[in-house]
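Hi everyone, thanks for coming.

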Amino acid sequence: MSVLIRGGTVVNSDRSVRADVLCENGVISAIADSIDAPKGARVVDAGGQYVMPGGIDPHTHMQLPFMGTVASEDFYTGTSAALAGGTTMIIDFAIPAPQQSLLEAYHQWREWAEKAVSDYTFHVAVTWWDDSVYEDMGTLVRDHGVNSFKHFMAYKGAIMCDDEVLVNSFSRALELGAIPTVHAENGELVYRLQTSIYEKGVTGPEGHPLSRPPEVEGEAANRAIRIAEVLKTPLYVVHNSCIQSLEAITRARNEGQRVFGEVLAGHLLIDDSVYRDPDFETAAAHVMSPPFRDKKHQEALWHGLQSGNLQTTATDHCCFMAEQKAMGKDDFRSIPNGTGGVENRMEVLWHHGVGKGRLTMNEFVAVTSTNAAQIFNVYPRKGSVSVGADADVVVWDPEATKTISTKTDHQNVDYNIFEGMSIKGCASHTISQGKVVWADGELDVERGAGRYVDRPPFADYYDALKIAAERAEPVAVDRSQRAKAVG
Ligand code: URQ
Ligand code: ZN
Ligand code: ZN
């Protein structure tokens, strides 16, 4: 099966050029001013449209068991919805329960993901520590193509890591050439604030943001950054939602530390007024952590993307139906945390980013695809329209308009946080592994067609670090001479 994408403008993170793109046997085989369609090829008319690398969402949680329930979106429905929005690869999370083997959790998530319709890969969470975790991390890097390990600094009593786990795990990641990532909220402070707010009689969703103020996120982001600095590891901070965490990242980057920041489409566009909605279902539907913030944080986050201090955009797609959210009807602490958006990330970022002059088209490609591919070491196989790359491509119609609604989207959740948002610019065609899987508003996906994507460690970077560390080895002071001189 070959696909010829004709008449479009190819937009990569570094440049744009008018060109035809030929996809054969799952890869991009030719890019040229004019290409004749091979016999039997499907031709996609991309006239007046942009031909971009398929989106990469580096932060999703399909069918996550969490807070006593399981996320409603699974790997089949979630990757289908992603393709409908132009995202052709997700990076999900294998999250072991404390004391559960990392390898066992990894294999469980691999099994769940076999129904995926697009390519996927996994960050693996470190939620506890002993020698077996140390060994499993090595096995995962060496034998299973894992090069990133997640640490939740929140969720006390569940999957929260203390500093001892962070220090042990970050150090191990350095040995392996893997990158540590963090959910940066101080879980002790959250627990303390949750308890006092609930005991004061605030039991509704409005209590959620009150128990997780931006300072709680800023402290944890800074702590993780300083730990990474001392241990000489890179660091990826997920879902930065506020000025406080952005400032911590910006300071570190200005001093040459290798810290990367992710921002969610939701945190760029939705503010904390949603938690004060009198309707419980509406307010609870927005409960996720870190919470949506006061408007002043949104412009700062956009500036973070524009300045390059934030490199990737994601959704943290973790869906719960209204009846699941109602588990916290009388206690906001029991509302399952998570919201969706995997289908809408690219279109809302295009409309509010490129459409409003905040991002160029090339920067849009960088923050929705290329940067994530580079940070997690799958570039240029992913995140690039180039010969030899996987044929994961989105044909973007800048003139197409739509109003986002759960009534028309493909996500398996009964609430869309972008409900009612009118946007201009969206995916007209999505090509996954060289097959047209989204066209004319219809999905044509195949259950199980998705592949697990191996991500090699960053050997060269870490070799350099090891050399630097060896050179900086501390030297003992010889005091024997001094003793003689004094004696
Ligand atoms: O914390 C996360 O990233 C997971 C558990 C999804 N839920 C959320 O509220 N962000
Ligand atoms: Zn998180
Ligand atoms: Zn998450």
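Let's start at the zinc ion (ligand 2): its protein donors are H183 (ND1) and H239 (NE2), lying 2.1 Å from it. Donors here are N, O and S atoms within 2.8 Å of the metal (3.2 Å for Na, K and Ca), and water is not among the atoms, so sites may look incomplete. H183 sits in strand β14 (residues 179-183) and H239 in the loop between β15 (235-237) and α8 (243-254), so the pair ties together parts that are 56 residues apart in sequence. Helices (H or I, at least four residues) and strands (E, at least two) are DSSP runs, numbered from the N terminus.

H183 is buried, at 1% relative accessible area, and H239 is buried too, at 1%. Buried means under 20%, exposed over 50%, partly exposed in between (1.4 Å probe, protein chains only). There's also the zinc ion (ligand 3), 3.5 Å from the zinc ion (ligand 2).

A quick word on the ground rules. This is a predicted model, where local features need pLDDT of at least 70 and side-chain atom pairs count only at pLDDT 80 or more, while totals for chains, interfaces and linings use all residues. Residues are numbered from 1 along each chain as its sequence is written, chains are lettered from A and ligands numbered from 1 in the order written, and side-chain values use heavy atoms, leaving out hydrogens and water.

Now, the sheet. It's open, with eight strands in the order β8-β11-β12-β13-β14-β15-β16-β17, and the pairing is parallel. Strands pair if DSSP finds at least two bridges between them. β8 (55-57) and β17 (312-314) are at the edges with a single partner strand each, so one side of each has no neighbour in the sheet.
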